[in-house]
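Colleague: Could you take one part of this model and go through it closely? I would like a connected account, with the cut-offs stated.

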Amino acid sequence: MALTVHFEEAATAKERSKIAKIGAFCCGLSICNQHTIVLYVLCIIPWILFRLLKEKELSLGSLLKLSLCFSAGLLPYIYLPISSYLNQARWTWGDQTTLLGFLTHFLREEYGTFNLAKSEMGSSMSEILLSQVTNMRTELSFNIQALAVWANICLVRKNRQNPALVWLFTGMFCIYSLFFAWRANLDISKPLFMGVVERFWMQSNAVVAVLAGVGLAALASESSRVLNAKGLQCLEWLSATLFVIYQIYSNYSICDQKTNYVIDKFAKNLLASMPRDAIILLRGDLPGNSLRYMHYCEGLRPDISLVDQEMMTYEWYLPKMAKHLPGINFPGNRWNPVEGILPSGMVTFNLYHFLEINKQKETFVCIGIHEGDPTWKKNYSLWPWGSCDKLVPSEIVFHPEEWIKLTRNIYNWTEEYGRFDPSSWESVANEEMWQARMKTPFFIFNLAETVTMPSSVKARLYTHAHDLYKEIVYSQKEHPANWHKNYAIACERMLHVREGGADPEVLLSETIRHFRLYAQKEPSDPQLADIVVALKHLRKELQSLRNMKKV
């Protein structure tokens, strides 16, 4: 945008030609960094060419030079086919050795060109546009918005300087906002997804800030004309300075991340918890990117092998990455629930086959396992391992006491619950680490609920689950609301365990108390009506029990 302004103010053809070439190079270079910048480029390039044509400075030779400058900006893309051909990178995305592979990567076809996510249903355009305006007021303040609007209002004046630039920038803002709202296929009612969408609004906010500057200059000029005063230029500069200082003051604490090591600690805790030579099947951006960074860039746990579950379903992943994972045996070229040979000659394999051929190693999934391939259930079970899970052969007997001892203090996590913005990845990491403390009692309780076993064994499992829930609930002042619900259910189950030896009055009181606390903290739970009914019944039971004790 700065180069566009300089081009408009250029006095000579030579100066305009020079700025146009620099701008063409910058347009190409910017596309290497951010795909959505192409919406601005598609507005600026036709405008520049039109201005050159109007000045009779556009020829076939100059057009060719501009094209070469634009192509020079795209030179960083040459790295992709070279790197792909050499295949030395331990982690990469796509196979760019062919034109089709390069275009697939360039257009992000695996996620959907200009989409934010794969197979996601997003909010409506109107919801996203309304949220953008609200976000703009928060990020830039109402004054900046008002000045940007004033810049457009001033367009009606005939003596307005450089109205074409205001039209251009306003058009860029409108086109970007409408296009992004159309393609942003994320549900912004979810805080994390809202955080993702907000980052793309920075691009439109930059245009609004420029328009606000134009509006401020127009306001100062109009004020000087009306008041017939010549000293308002200093006031204009003072206002601009105050706006900048206000932006720094209001946003510095949010942007100051020098002490933020949450994701660092998250990844280090996960890696440190793993046994030697383990295989970790990664899933999702948080564990995938954080663990890969620590493993490949910081050199942590070189004995561990990281395999991306989603990437294994792509035809380029294993042909490129398998050689960088020497400790793992792959029974084919691509992960697919249906085993066989594809028309391309690729051999597919399922997760069960993968686990069987790598039985000599312990295998973990972080976080969660791909739902599309249930074949592992034939001979494996998922046992909780902090935020991750361990794939254990079904013939191995589960000993709750041993597993509790093994996973009780698996992480060293000291972050307070709920201290991060819900739209941040720090919040997601913190939530995962807190919920990890609950996974073992949840697993043990679920085992007692679903598996047929002697009543004595079932009672032992219920008792372990109850004791673990009680331990984590009462050891922390603030914790996830669902802990109250799970602990209340565990207390209720203990009422039916004869071997437990716990006081029924205490169990009933605990059940009532923690169901009530959960209902207060989670009023939107779809099961709230059932919880209220259960509370009435439990209170009657408690009163009846107390009356019997008095008698």
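Modeller: R108 is partly exposed, with a relative accessible area of 31%; buried means under 20% relative accessible area, exposed over 50%, and partly exposed in between, with a 1.4 Å probe and protein chains only. This is a predicted model, in which local features need pLDDT of at least 70 and side-chain atom pairs count only at pLDDT 80 or more, while totals for chains, interfaces and linings use all residues. Residues are numbered from 1 along each chain as its sequence is written, and side-chain values use heavy atoms, with hydrogens and water left out.

R108 sits in the loop between α6 and α7; helices (H or I, at least four residues) and strands (E, at least two) are DSSP runs, numbered from the N terminus. The phi of R108 is positive, about 55°, although R108 is not a glycine. F114 lies in the loop between α6 and α7 as well. It has a positive phi of about 65° and is likewise not a glycine. With a relative accessible area of 29%, F114 is partly exposed. As background, most residues other than glycine have a negative phi, and most peptide bonds are trans.

Helix α5 covers residues 79-86, and its buried residues are L80, S83 and S84. Seen down the axis of α5, these fall within an arc of 100°, so they line one face of the helix; the arc is that of the directions from the helix axis to the C-beta atoms. After α5 comes N87, with a positive phi near 55°.

Helix α7 (residues 125-140) packs with helix α10 (residues 191-227) at an angle of about 65°, their axes 10 Å apart. Axes are lines fitted to C-alpha atoms, for helices over the stretch in contact, and angles run from 0 to 180 degrees between N-to-C directions. The two helices are therefore roughly perpendicular to each other; angles under 35 degrees count as roughly parallel, over 145 as roughly antiparallel, 65 to 115 as roughly perpendicular and the rest as oblique. The crossing of α7 and α10 is right-handed, a crossing being left-handed if the near helix is turned anticlockwise from the far one by less than a right angle, and right-handed if clockwise. On α7 the contact is made by I128, S131, Q132, N135, M136, E139 and L140, and on α10 by M194, E198, W201, S204, N205 and V208; contact means heavy atoms within 4.5 Å. By class, this contact has six nonpolar, five polar and two charged residues. Ala, Val, Leu, Ile, Met, Phe, Trp, Tyr, Cys and Pro count as nonpolar, Asp, Glu, Lys and Arg as charged, and the others, Gly among them, as polar.

The peptide bond from C366 to I367 is cis, with omega near -10°, and I367 lies in the loop between β6 (363-366) and β7 (380-385). R408 is in the loop between α16 (400-407) and α17 (425-450), and is partly exposed at a relative accessible area of 42%. Leaving aside residues up to four places away in sequence, R408 touches L468 and E471.
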